[in-house]
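The sequence and structure come below.

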Amino acid sequence: MAVLATVQDTLANDGSVRVARGMSLFGEHAAGWLAIGLAGAALDRPRRREWLGSAAAVAFAHGASIGVKRVVRRRRPDHPSVRVLVGTPSRLSFPSSHATSTTAAAVLYGGLLGRRARPAAAATVGLMALSRLVLGVHYPTDVATGTALGAAVAAGARRAIRRNPSTGG
């Protein structure tokens, strides 16, 4: 709780909260990431199947995080030193679905966009994870585990997409 309160005390100003809320809205139910995957499929016709397979993997990652949440049932932070600065679709916290889907999207789409896009993709993961702390809706372990889950799903999906041309590459 102390780390979460310190992050908020240090970073939660009007500008950062506005950006964090925008990121939260973009990542809600992985909708923004799914839209990017569908746009990639529409615009990059030679790799359409790879984009669609990657978007499906982002959706799977999001669903996996929801499944883990329902099993673990960890409640969101609730302490006088932490301000909740955005609404959430549930009271469950572990793992962060935003961190999960963002990481899966960054790994998969970053691979499709090429070497020059990878630093921005990696930075986006860090910013989304940090935004969840700034908004007071996740513990640090929620975002760390979400990031790991998203990376694991993306790694498995990348192998499956490359191995099976009918689903991706």
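## Aromatic pairs

Trp51 is buried, since its relative accessible area of 4% is under the 20% limit for that class. The model is a predicted one. In total, two aromatic pairs are counted.

Trp33 is buried at a relative accessible area of 11%, whereas Phe26 is partly exposed at 34%. The rings of Trp51 and Tyr109 also pair, their centres being 5.3 Å apart; with the planes at 35 degrees, this pair is tilted. It links distant parts of the chain, as Trp51 belongs to helix H4 and Tyr109 to helix H5, 58 residues apart. Tyr109 has a relative accessibility of 4% and therefore counts as buried.

## Backbone features

Phe94 and Pro95 are joined by a cis peptide bond, with omega about -5 degrees. Pro95 sits in the loop between helix H4 (48–72) and helix H5 (97–113).

Arg73 lies in the loop between H4 and H5; its phi is positive, near 60 degrees, in a residue other than glycine. His29 is not a glycine either, and has a positive phi of about 55 degrees. The loop that holds His29 runs between helix H2 (14–27) and helix H3 (31–43).

## Surface charge

A patch of positive charge on the surface gathers Arg70, Arg73, Arg75 and Arg91. Of these residues, Arg70 lies in helix H4 and counts as exposed, with 59% relative accessibility.

Technical notes. Residues numbered from 1 in each chain as written. Predicted model: local features only at pLDDT ≥ 70, side-chain atom pairs only at ≥ 80, totals over all residues. Heavy atoms only, no water. Helix = DSSP H or I, 4+ residues; strand = E, 2+ residues; numbered from the N terminus. Patch = residues over 30% accessible without salt bridge, like charges linked within 9 Å, V, L, I, M, F, W, Y side chains within 5 Å. Areas by Shrake-Rupley, 256 points an atom, 1.4 Å probe, with all protein chains shown as cover. Salt bridge = Lys/Arg side-chain N within 4 Å of Asp/Glu carboxyl O. Lys, Arg positive; Asp, Glu negative; His and termini not counted. Charge placed at Lys NZ, Arg CZ, Asp CG, Glu CD. Buried < 20%, exposed > 50% of the residue type's maximum accessible area, 1.4 Å probe, protein only. Phe/Tyr/Trp six-rings, centres within 6.5 Å; stacked < 30°, edge-to-face > 60°.
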